[in-house]
Each structure stands twice: as C-alpha cells, then as structure tokens.
Amino acid sequence: MARAVSTRRTAAFTIAAWIVALIIFFPILYTIITSFKSETEAIQGFSLIPSGTVESYVDVQTQKDYFKPFMNSVILSVGSTLLALLISVPAAWSMAFSPTKKTKDVLMWMLSTKMMPAVAVLVPIYLIFRDFGLLDSRLGLTFMLTMINLPIVIWMLYTYFREIPGEILEAARMDGASLWGEIIYVLTPMAVPGIASTMLLNIILAWNEAFWTIRLTTTNAAPLTAFIASFSSPQGLFWAKLSAASTLAIAPILIMGWFSQKQLVRGLTFGAVK
Amino acid sequence: MGNITLRKVNKSFGATQVIPGIDLNIEDGEFVVFVGPSGCGKSTLLRLIAGLEDTTSGTIEIDGRDVTGAAPAKRGLAMVFQSYALYPHMSVRNNIAFPLKMAKLDHGAIDKKVTEAARVLNLTNYLDRRPGQLSGGQRQRVAIGRAIVREPSAFLFDEPLSNLDAALRGTMRLEISELHHQLQTTMIYVTHDQVEAMTMADKIVVLNAGNIEQVGSPLDLYHRPDNLFVAGFIGSPRMNFATGEFSRPYNAHTIGVRPEHLQLSTQSGTWRGVVGVAEHLGSDTFLHIHVEGIGLVTARVGGDFAVSHGDHVFLTPDEGRVHRFNDKGLAIR
C-alpha cells in the first residue's frame, strides 16, 4: 500500500517537474518555432505550428555576417573565463585554506557588487573605456566580462576548495611542494570537476551577457548578443528574422549546455551530495 | 640524524594560549610518543615541529639548526596524517614518488626508491591502484611509504591508527615499531591512546592543557608517576584514588593504587566493598567494587575469581605499590 502511494507521489512530482521545465523552456521553444515562420505568419498571432520556411535564416545570413559576432562571442566568453580562473584559483585557494577574520567579509563584499544595478556605473565605465580606447575592443570587453563574473567564479571555487581536506595540501607542503606546486599538482587536479563546472557556467554567463556587450561595442567586438539586438532596430519589427537571429545566437551555447549537463549538475551540487 | 630540541616553544591562537612554553629534547633515533587527552595540544605541538603552524615564540632546532622560521619542506621531516592525506587523483606509485618528484630526482632513482619502499611495505601489487581502491591499512602503508622514500631525519605521526579497526590497529602498531627498528630514525608519534603510547614508545611525553606533565620511559611513568594526572592517565584500567581517612595512614593527601595492585579476599582485608559490575576478559576479570568513602574501585583479578554482583569482598593494597600524592597532586617520594 505504502509503495503504491509513493509511486503515485513520484508520478505527480515527475509531471510537475515536466510542467515547470516546459514553462521555463517555452520562450526558447517559441523563439525557435517563430524562426521557422514567415514574417506575415509571425505577426498573425499565437501558433505553435510554423510553415517551416527557412527564409528568415536566409535573410539573416544575407543581411549580416554571422561568423564574426559568433567568433567574438567565443573569444569573449572563453577569454574572460580563462582570465577569471587565473585570478580566482589563487584567490579562492587563499580564502579557503588560510582564511582570516575578514575572509567572510571579503566574500560578502564581492557578492554585494553583483547586487548593484549595472546601469548605475554605465556612464563612468563608458568614459573610462572611451578614454583608454577600449570601446568596441575585444580586450576591453574580455576584461569587463571577467570583472562581472569574477565574484561568482571565486564563490564557486571557494565552495569547491572548501570540500578538499586541508591535510592533503599540508601533506604536499611536507612533501616539498612549493606554493605553486601545491596548487598545480594537488589542488587543481582534485578540483577539476568543480573548476570544469565553474568554467562552463561562466562561459554561459559571459555568452549571454547583453548589457555591457551591447553598450560597449559597435561592430568590431560585437558578439552575438549585439547581433540579435541589431535585428530589433530601425526598420521596424521583424519577429521571424529576430527569432532566427536569436536561435542562431543561442544554438551553440544550448548545444554545449546539453552535452555538459551532467558535469554542470554535478558541479552545482558538489557540496550538497558529498 | 634527527635530534630535535624545543626551547620555550609557545603557541597562541589569538588570545587563546594552546601551548604556554615547552622545553623538550628528542634524541636521534628515539621513538617519542606525545600522549594526552583530546585538546591537550599534542597535535599542535607536532604541527609546530613540522612547520605547519608558526610558533608564537620560542625556537625549534633540528640537529642544532634553528628551523623555527623554516618552511615544512626545508626541515627534512616526513609526516603521516590521521586521514592518510593521500593524493586521491594519483596512483599509489605516484603518491609515493611525489616527494621525490618535488625534490627533482631523476626517473631512475625515483623508480628504484619507490620499488624498494613498496617491497618493504608489501605494496608491490597495488602500485597502479588509486588510494580509493585500497583498504584502510593499505592506505596507511602508502602514507608511510610516501614518508620513508624521502629518508627524513625524523618521522612525525599524527594519530595515524585512529581510523583503523582494533585488529588492524594492533597489526599496524607492530609494523610501525618494526619499521623503527629497521630504520633507526627518530619518530614522533601523537596519540590519545595510552596503550599505543606504552607499547611503542622509547620515551613518552604526557601532555595536559599544553603543558608537559612528565617525560619518561613507559615503565617509568607506570611505576613512578610525578603527579595525579600522569598516574590517572597511564595504565589501564585507571588507577584508583582515595583521600581522607584512607590516605591518612600513608601520610599523604591522596593515595593511588592500580587495579592490579589490589589483593582481593572474601574473608578479610583493609577496605570492605560490594561487588558491582564484573568484566570478564578471560585471562583477567575487572571488578568494579563500591567501597564506602572512596566510591567505585576497580580491581584486577584472575579470570577464574568467583564472585558475583552484590557479594561482599575485602581489598588490600599491596604495600610498596601505593602511590602517595600531596595536596598539590604531586608525588611524594
């Protein structure tokens, strides 16, 4: 009897999970559906069945170059992630393994910068970028994306590192490993699952970042977010083309996310299940 | 060589003083055990010697060289941790080879030393496994292997056997003692288990609240404890203590009698008591006897001593085996 109840409960939860997942995924699904409609179909109203035309994709390709913003997105997201790791591995190491009284405060302060609305610093950042000639440059944007995601990367790595027993690092120290030897040969290999999922998440965050990437670029360094935005502008609203551009922009990261979902989930629940 | 000298070593964590100031000399080749209850500072003291903690004041010398400020790796010591602290992502071979790789030895020399250590520790068949695939005892042997390949001037053991089951603990205790005889290298061993201390040590250092209570050979501490703490800590079961009218005939504030130094009789004796719980170990029986005015007294009798719960018995301390202490808890000799 108890078993029947629990089966029913499991079924209920499964259905609820599917409904929630569908609700979350629906905007993306509808974007993809709309991208296979003609412009007239797209403005006619709600419909889940597209005519299946690919004219929007052809239009998008002929109007704008997809490859360049795509490469920019790749360079910016991967570049900013690597740079963030370079800074955050030692930072998280020091906070996890030789904390001081102020460590918690520093961590909270870092997180608090994420609570500040980005638009509040738009003008000063814009001016700084202008004065240093960083506007519309990949270098400037890589740096910007690094700074934006650094608090999250440090927090995540800090959490993973905390799971690693300090005695193992002490053993490495006794065994003659230098500070960098300890980080490179012992800490990093042990933290690979954590570092990998942090990297994945950071790449996704950087790929999707649309506030700074749109405002600090024009053409040269513009990533896919700017590519999408450029379809929503002057000529009026072309839903199908906009959807096609969006689909093209999110496809790579969606595919990457799909293939690495196990790694991502494992990373995000690292502290919880061990 | 592995002569270690501590001079006025003091360690505080913030306002908390863990070790108020310790002077200690450890001779080359000695097996020294730091023993004491949890939180007595024995592990901290070991970590100070290892260099994993910085001393607040005082100096540490190894073979006459002041290493107080030296990094752990520069002290020529090897440590075996309670949790083994093996590198989980490396094979047994690489775990043992790690300190040699860090010392930048060439491949041939590393291979030779690893093979030799594996042979000594019976790990030859496990060299390509990961620590996760080994049993507790094997992991502990890998940790020891990683320590011996470095040929350190002294080994530091931080409660290395406390994660093992009782049977394995006994075996590993013998293996470590045997290793000490083979290598003749200084070993400092931290434990809260006085049986380990008694069976393995050349010299026991009894610690309490960061202070050294007594230093001596196991039998020295057993026969001639300096104070109540050492008397109570060394020996199993614990020494029985009595004060007042019981200690007055001995001219002492407190007297202590070990369970094995009490004669039992059902007819006559000095103290009269009622038998409580009897623990039968086969060879011995530990009787817990209620004696009015003292409380629970433990006596060790032969395995076949026939008494049962509620019986009246008489206890007589062996003359000459009674330990006397003054009102400060110090031994009167």
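How many Å separate the centres of domain 1 and domain 2 of chain B, taken over C-alpha atoms? The first point below answers this.

1. The centres of the two domains of chain B, taken over C-alpha atoms, are separated by 38 Å. Domain 1 covers residues 4-231 and domain 2 covers residues 237-325; such bounds come from an automatic or database domain assignment. The model is predicted: local features need pLDDT of at least 70 and side-chain atom pairs count only at pLDDT 80 or more, while totals for chains, interfaces and linings use all residues. Residues are numbered from 1 along each chain as its sequence is written, and chains are lettered from A and ligands numbered from 1 in the order in which they are written.

2. Chain A has 15 helices and zero strands. Helices (H or I, at least four residues) and strands (E, at least two) are DSSP runs, numbered from the N terminus. Along the principal axes, the C-alpha atoms of chain A fill a box of roughly 75 × 70 × 30 Å. Of its 274 residues, 33% count as buried. A residue is buried if 20 or more other C-beta atoms lie within 10 Å of its own, exposed if 12 or fewer, and partly exposed in between, with C-beta atoms placed from the backbone.

3. In chain B, strand β1 (residues 4-13) runs antiparallel to strand β2 (residues 16-26), and seven bridges join them. Two strands pair if DSSP finds at least two bridges between them. One bridge links B:V9 with its partner B:I22 in β2(B). The two strands form a hairpin with two residues between them, and B:G14 in the turn has a positive phi of about 65°.

4. A further sheet in chain B is open and has three strands in the order β11-β12-β18, with antiparallel pairing. Its edge strands, β11 (240-243) and β18 (323-325), each pair on one side only. The twist averages 25° from one strand to the next; axes are lines fitted to C-alpha atoms, for helices over the stretch in contact, and angles run from 0 to 180 degrees between N-to-C directions. Four bridges connect β11(B) to strand β12 (residues 254-257) of chain B, and B:N240 stands opposite B:V257 in β12(B).

5. Why is helix α1 (residues 42-50) of chain B described as largely enclosed by the rest of the structure? Eight of its nine residues are buried, so the helix is largely enclosed. Among the buried residues are B:L45, B:L46 and B:I49. After α1(B) comes B:G51, whose phi is positive, near 95°.

6. Where chain B meets chain A, 17 residues of chain B are in contact with 14 residues of chain A. Two residues are in contact if their C-beta atoms, placed from the backbone, lie within 7 Å. On the chain B side, β6 (77-80) and α2 (92-102) are the elements that give two or more residues, and α2(B) gives the largest share, three residues.

7. The largest nonpolar core has 141 residues, of which A:L157, B:V33, B:L156 and B:I188 touch the most other members. A nonpolar core is a set of buried Ala, Val, Leu, Ile, Met, Phe, Trp, Tyr and Cys residues joined through C-beta atoms within 7 Å. Helix α7 (residues 138-163) of chain A gives the most to this core, with twelve residues. Both domain 1 (4-231) and domain 2 (237-325) of chain B give residues to this core, so the core lies between them. Leaving aside neighbours within four places in sequence, B:I188 has contacts that include B:L46, B:I49 and B:L156.
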